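Please keep the sequence and the model in view while reading.

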Amino acid sequence: MQINITKPYLPDKNKYYKYIDRIWQNNHLTNFGPMSLELENRLCEYLDVPHILLVSNGTLALQIAYKILRLDIGDTIISTPFSFVATSNTIIWENLKVRFCDISKDSFCIDTNKLKNLLNTKDKTTKAILPVHVFGNACDVEELDKIAKENSLYLIYDAAHAFGVKYKDKSIFKYGDIATISFHSTKIFHTIEGGAIIFRDKNLFDEARSMINFGLKNNMPEILGINTKNSEFHAAMGLCILDDINLILEDRNRIWEYYYKNLKDYFEFQKLNSSNNYHYFPILFKNEQFLITKLRILNENNIFPRRYFYPSLDTLRYNTSEICPISRDIASRVLCLPLYVGLSQKEQDKIIKILIKG
Ligand SMILES: *Cc1c(COP(=O)(O)O)cnc(C)c1O
């Protein structure tokens, strides 16, 4: 049996059918239907935020964020080079410019001292900062808040990995002007495909709700809009999975702790600033060569961890001048181990044995 980096969580099929039955009763398939509204309400409660906007995926969530803040051609966003490629791709896709700020070797998130240096040379086009709570680890949110205010910049968090994370007992989604999340099936909580946007400002939330539905207000076109809604079937999956969220987190916790107990003397790890949602289990090798050797052996044994996140995004052809040595170094020697509900201790033992041998 192949062991992959992740395996999507599927709820009990009969339970999903029960939710699906309600779609037939409601005869409402999309366009903010009752199941989508129920999911929004339950997510608000779970994530402890006043409102949340469901969208088609975490990538479009970022694009809508730039649009609603009226970021326009040629504007610059400062972001992290250590993330999934969607983070920086969305910036370029929207005809904006990206500048990369290097990360902290401890948190793997944007280094706020380097950010301050970078801002010394900012020009008029710089409009926003886009940090990532990478692997669910909170950025230095207090410092980032201060920096954004002092420089009159928008603060948008790509919180794709941060479902349920708390920073100092406060929901991570309460930070920033806007936070986005992905509900893709590879993420902790998913709606098959999906994502959401959380706004600090209720007016922006209302406007974005219209923007993702063709810009309609009371069925009349008022602003420029697009369609990035999701269906009631997606919402039904979300509701099923939210019912199981404690079981999901417990099982992930068990797997995470078992890896940590057995690997802590052999590898370096990301230093956590916040509560752990057990989304990923990244380990740092001494050097890239060692990583490549171990990865090959794991693959020969039908085990497929992933080099999240490699390569460092500042090495891509984005026409940006910043070089980020810490991010390049971390990216070259970080590996995320298989972590999903149902991964057995026997399977973990197999992985651990290969990793610590020799
Ligand atoms: C998964 C992910 C995204 C994209 O989300 P999708 O729902 O797959 O579009 C964006 N940013 C980060 C950091 C991610 O891991």
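## Elements and model

Helices and strands are DSSP runs, a helix having at least four residues and a strand at least two, and they are numbered from the N terminus. On that basis, asparagine 31 is found in the loop between α1 (13–26) and α2 (34–47). The model described here is a predicted one.

Asparagine 31 has a phi near 60°, which is a positive value in a residue other than glycine. With 41% relative accessibility, asparagine 31 counts as partly exposed. Serine 152 also has a positive phi, near 50°. Serine 152 lies in the loop between α6 (141–150) and β6 (154–158), and its relative accessible area of 65% makes it exposed.

## Domains

The domain assignment of the chain gives domain 1 (13–243) and domain 2 (245–356). Taken over C-alpha atoms, the centres of domain 1 and domain 2 are separated by 24 Å. Domain 1 supplies 42 residues to the contact, and domain 2 supplies 33 residues.

In soluble globular proteins, nonpolar side chains tend to be buried together. In this model the largest nonpolar core has 70 residues, of which Phe82, Phe163, Phe173 and Phe189 touch the most other members. Helix α8 (residues 232–243) provides the largest share of this core, 7 residues. The core draws at least three residues from each of domain 1 (13–243) and domain 2 (245–356).

Which residues does phenylalanine 163 touch, not counting residues up to four places away in sequence? They are Leu43, Tyr46, Leu47, Phe173, Ile181, Phe183, Ile188, Phe189, Leu242, Ile245 and Asn277. A second, separate core has 29 residues, and it includes Ala61, Ile91, Leu130 and Ile178.

## Ligand site

The ligand is surrounded by 14 residues, and the closest are Gly58, Thr59, His161, Ser182 and Lys187. A polar backbone atom of glycine 58 is 2.8 Å from an oxygen atom of the ligand. For threonine 59, an N or O atom in the side chain is 2.6 Å from an oxygen atom of the ligand. In serine 182, a polar side-chain atom lies 2.7 Å from an oxygen atom of the ligand. Taken alone, the ligand exposes 380 Å², and the protein buries 93% of that.

Threonine 59 is also touched by threonine 90, whose other contacts are Leu62, Gln63 and Tyr66, not counting residues up to four places away in sequence. Threonine 90 lies in helix α4 (residues 85–93). Since buried means under 20% relative accessible area, threonine 90 counts as buried at 1% relative accessibility. The side chains of threonine 90 and tyrosine 66 make a polar contact of 2.8 Å.

Proline 81 has its place in the loop between β3 (76–79) and α4. At 1% relative accessibility, proline 81 counts as buried. Not counting residues up to four places away in sequence, proline 81 touches Phe100, Cys101, Asp102, Ile103, Ser312, Leu313, Asp314, Cys324 and Ser327. Although proline 81 and proline 311 are 230 residues apart in sequence, they are 8.9 Å apart in space, C-alpha to C-alpha.

Proline 311 is in the loop between β14 and α11. The peptide bond joining tyrosine 310 and proline 311 is cis, with omega about -5°. Phenylalanine 309 is likewise found in the loop between β14 (303–304) and α11. The bond from tyrosine 308 to phenylalanine 309 is cis, with omega near -5°.

## Helix α11 and glutamate 288

Helix α11 (residues 325–333) has as its buried residues Ser327, Ile330, Ala331, Ser332 and Arg333. What covers these buried residues includes β13 (282–284), α10 (288–300) and β15 (334–336).

Glutamate 288 is placed in helix α10. Is glutamate 288 buried or partly exposed? Its relative accessible area is 27%, so glutamate 288 is partly exposed. Leaving aside neighbours within four places in sequence, glutamate 288 is in contact with Arg307, Tyr310, Ser332 and Arg333. Its side chain makes a polar contact with the side chain of arginine 307, at 2.8 Å. Glutamate 288 and serine 83 are 205 residues apart in sequence and 18 Å apart in space, C-alpha to C-alpha.

Conventions: Residues are numbered from 1 along each chain as its sequence is written. This is a predicted model: local features need pLDDT of at least 70, side-chain atom pairs count only at pLDDT 80 or more; totals for chains, interfaces and linings use all residues. Side-chain values use heavy atoms; hydrogens and water are left out. A nonpolar core is a set of buried Ala, Val, Leu, Ile, Met, Phe, Trp, Tyr and Cys residues joined through side-chain atoms within 4.5 Å. Buried means under 20% relative accessible area, exposed over 50%, partly exposed in between (1.4 Å probe, protein chains only). Domain bounds come from an automatic or database domain assignment. Contact means heavy atoms within 4.5 Å. A residue is near a molecule or strand if one of its heavy atoms lies within 4 Å of it. A polar contact is a pair of N or O atoms within 3.5 Å; within protein, one must be able to donate a hydrogen and the other to accept it, and residues adjacent in sequence count only if both atoms are side-chain atoms. Accessible areas come from the Shrake-Rupley method with a 1.4 Å probe; for residues, only the protein chains shown count as cover.
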